Amino acid sequence: MVDFESRLARCFASVFPELTPDQIRQASTETVPLWDSLAAVTLVAVIEQEFSVQIDPLDLPELSSYGAVKAYVENQLAGS
């Protein structure tokens with residue numbers, strides 16, 4: 001069984017294939033130049049599909065780092 005963090009890292013890797021696993025866990029909109037609005041929407045779509053969650057588009061501005069995305073998705077999963 002693949003754990004939550006591995007699944008989330010795989011989502012990030014599909015959108016940002018140039019990042020190493022360590023870089024993914026440190027990723028943010030400030031450290032990843034390619035993390036623009038299109039990449040953010042793509043990342044959300046991949047995460048929604050992987051975890052069967054719905055991410056409110058109004059929450060996108062706060063999802064600006066791997067850590068923030070991780071906490072948000074964990075919270076979504078805990079509430080379902």
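## A walk through the helices and the loop between them

The model you are looking at is predicted. Is Ser-28 buried or exposed? Its relative accessibility is 15%, under the 20% cut-off, so Ser-28 counts as buried. If neighbours within four places in sequence are set aside, the contacts of Ser-28 are Trp-35, Ser-64 and Ser-65.

Glu-30 belongs to the loop between helix 2 and helix 3 as well. Glu-30 has a relative accessibility of 78%, over the 50% cut-off, and therefore counts as exposed. Along the chain, Glu-30 and Ser-65 are 35 residues apart, yet 8.5 Å separates their C-alpha atoms.

| Helix | Number of residues | Span, first to last C-alpha | Expected span |
|---|---|---|---|
| Helix 1 (4-15) | 12 residues | 17 Å | 16 Å |
| Helix 3 (37-51) | 15 residues | 21 Å | 21 Å |
| Helix 4 (66-79) | 14 residues | 20 Å | 20 Å |

At its start, a side-chain oxygen of Asp-36 comes to within 3.3 Å of the backbone nitrogen of Leu-38. After the helix comes Ser-52, which has a positive phi, near 55 degrees. Which residues of helix 3 are buried? They are Ala-39, Ala-40, Leu-43, Val-44, Ile-47 and Phe-51. Why do they share a side of helix 3? Because the arc they cover around the axis is only 135 degrees. The packing partners of the buried residues in helix 3 are helix 1 and helix 4.

Tyr-66, Val-69, Tyr-72 and Val-73 are its buried residues. They line one face of helix 4, because they fall within an arc of 130 degrees when seen down its axis. Turned away from that buried side is a face with the exposed residues Asn-75, Ala-78 and Gly-79. The buried residues of helix 4 pack against helix 1, helix 2 and helix 3.

Now for helix 1, whose N-terminal end is capped by Asp-3. In this cap, a side-chain oxygen of Asp-3 is 3.3 Å from the backbone nitrogen of Glu-5. Buried in helix 1 are Phe-4, Leu-8, Ala-9, Cys-11, Phe-12 and Val-15. Down the axis of helix 1, these residues fall within an arc of 150 degrees, so one face of the helix is lined by them. Helix 2, helix 3 and helix 4 are what the buried residues of helix 1 pack against.

Finally, look inside. How many cavities of 30 Å³ or more does the structure hold? It holds one, and the largest cavity has a volume of about 40 Å³. Which element gives the most to its lining? Helix 3 does, with four residues. Among the lining residues are Ala-40, Leu-43, Val-44 and Ile-47, which are also buried residues of helix 3. Val-69, one of the buried residues of helix 4, lines the cavity too. Trp-35, a contact of Ser-28, is another lining residue, and the list also includes Ile-55, Leu-60 and Leu-63.

Conventions. Residues are numbered from 1 along each chain as its sequence is written. This is a predicted model: local features need pLDDT of at least 70, side-chain atom pairs count only at pLDDT 80 or more; totals for chains, interfaces and linings use all residues. Side-chain values use heavy atoms; hydrogens and water are left out. Helices (H or I, at least four residues) and strands (E, at least two) are DSSP runs, numbered from the N terminus. The expected span of a helix is 1.5 Å times one less than its number of residues. Buried means under 20% relative accessible area, exposed over 50%, partly exposed in between (1.4 Å probe, protein chains only). The arc is that of the directions from the helix axis to the C-beta atoms. Contact means heavy atoms within 4.5 Å. A polar contact is a pair of N or O atoms within 3.5 Å; within protein, one must be able to donate a hydrogen and the other to accept it, and residues adjacent in sequence count only if both atoms are side-chain atoms. On a 1 Å grid over the protein atoms alone, a cavity is a set of points where a 1.4 Å probe fits but cannot get out, and a pocket is an open set with protein on both sides within 12 Å along at least five of seven lines; lining residues have an atom within 4 Å of a point. Grid points are joined across faces, edges and corners, and a volume is the space filled by probe spheres set on the points.
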